[in-house]
Amino acid sequence: MAAHSQYEELARQLSAIGAVKREMGRMLPQECPPASAGVLTLLDRHGEMRMSQLAELLAIDMSVTSRHVAHAAERGWIERKPDPVDKRSRLLRLTPSGTALLEELAERYTATLARYLNDWSDADVGHLVELLARLRTSFGDCRTRAHHDSTTRTPAG
């Protein structure tokens with residue numbers, strides 16, 4: 001097990017990752033904020049889904065998800081169609097325009113990472129990828145864990 005001071009430093013480094021995320025967000029087209037890119041990415045990864053499922057995957061409130069979806073739909077990146085099982089619900093899916101935008105974003109992200117990490121070896125980049133994947137696996141589904149932790153916590157802590 002790592003020393004307490006290592007966990008403190010890890011916490012500081014993870015907190016500072018916000019600056020990296022903000023820089024990566026700057027390379028997005030102005031009409032595509034990071035939240036819209038997230039919506040498109042999830043629809044690409046998981047396929048057609050209801051708004052409620054998207055809100056759960058994003059781990060945000062339904063009203064916020066609705067605003068993100070409206071933004072993407074207004075630009076033609078996603079479409080909303082009636083759910084054949086429940087006509088009151090809508091299914092969201094990527095449009096060809098949304099898929100093309102995701103491809104452009106992937107190219108921009110890759111180019112940005114290559115520019116900032118140009119002095120890193122392939123082995124270093126590979127090691128970072130492995131460690132970040134391992135970190136995400138260790139945390140599992142944070143939404144489920146957060147709900148579980150809040151329901152099992154005692155008043156004292």
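This is a predicted model: local features need pLDDT of at least 70, side-chain atom pairs count only at pLDDT 80 or more; totals for chains, interfaces and linings use all residues.
**Entry 1: serine 89**

I then looked up where serine 89 sits. Its place is the loop between strand E2 (78–82) and strand E3 (90–94). Is serine 89 buried or exposed? Its relative accessible area is 17%, so serine 89 is buried, the cut-off being under 20%.

**Entry 2: methionine 49**

Next I turned to methionine 49. I located methionine 49 in strand E1, which covers residues 49–50. Its relative accessibility is 1%, so I noted methionine 49 as buried. Which residues does methionine 49 touch, not counting those up to four places away in sequence? I listed Leu42, Leu43, Leu54, Leu57, Arg90, Leu91 and Leu92. I followed up one of these, leucine 92. In sequence, methionine 49 and leucine 92 are 43 residues apart. In space, I read 5.4 Å from C-alpha to C-alpha.

**Entry 3: arginine 67**

I moved on to helix H4 (residues 62–74), where arginine 67 lies. Arginine 67 has 54% relative accessibility, so I put it down as exposed, which takes over 50%. I also checked arginine 67 against serine 36. The two are 31 residues apart along the chain. Their C-alpha atoms are separated by 9.6 Å.

**Entry 4: alanine 59**

I looked at the loop between H3 and H4 and stopped at alanine 59. Its phi is near 60°. That is a positive value in a residue other than glycine. I noted it because most residues other than glycine have a negative phi. How accessible is alanine 59, with what relative area? I found 48%, so alanine 59 is partly exposed.

**Entry 5: the chain as a whole**

I stepped back to the whole chain. I counted 7 helices and 3 strands. From the N terminus on, I read the order of elements as α-α-β-α-α-β-β-α-α-α. The chain has 157 residues, and buried residues make up 22% of them. The accessible surface of the chain comes to about 11,200 Å². I noted that 55% of this surface belongs to carbon and sulfur atoms.

**Entry 6: the largest pocket**

I finished with the largest pocket, whose volume is about 2,500 Å³. I found 42 residues lining it. Which of them are the closest to the centre of the pocket? I wrote down Ile17, Val20, Lys21, Leu132 and Arg136. Then I asked which elements give two or more residues to the lining. They are helix H1 (4–26), helix H2 (34–46), helix H3 (51–58), helix H5 (96–116), helix H6 (122–139) and helix H7 (142–152). The largest share, 10 residues, comes from H6. By residue type, I sorted the lining into 28 nonpolar, 7 polar and 7 charged. I also looked up the domains. Domain 1 (31–118) and domain 2 (121–149) each give at least three residues to the lining of the largest pocket.

Note on methods. Residues are numbered from 1 along each chain as its sequence is written. Side-chain values use heavy atoms; hydrogens and water are left out. On a 1 Å grid over the protein atoms alone, a cavity is a set of points where a 1.4 Å probe fits but cannot get out, and a pocket is an open set with protein on both sides within 12 Å along at least five of seven lines; lining residues have an atom within 4 Å of a point. Grid points are joined across faces, edges and corners, and a volume is the space filled by probe spheres set on the points. Helices (H or I, at least four residues) and strands (E, at least two) are DSSP runs, numbered from the N terminus. Ala, Val, Leu, Ile, Met, Phe, Trp, Tyr, Cys and Pro count as nonpolar, Asp, Glu, Lys and Arg as charged, and the others, Gly among them, as polar. Domain bounds come from an automatic or database domain assignment. Buried means under 20% relative accessible area, exposed over 50%, partly exposed in between (1.4 Å probe, protein chains only). Accessible areas come from the Shrake-Rupley method with a 1.4 Å probe; for residues, only the protein chains shown count as cover. Contact means heavy atoms within 4.5 Å.
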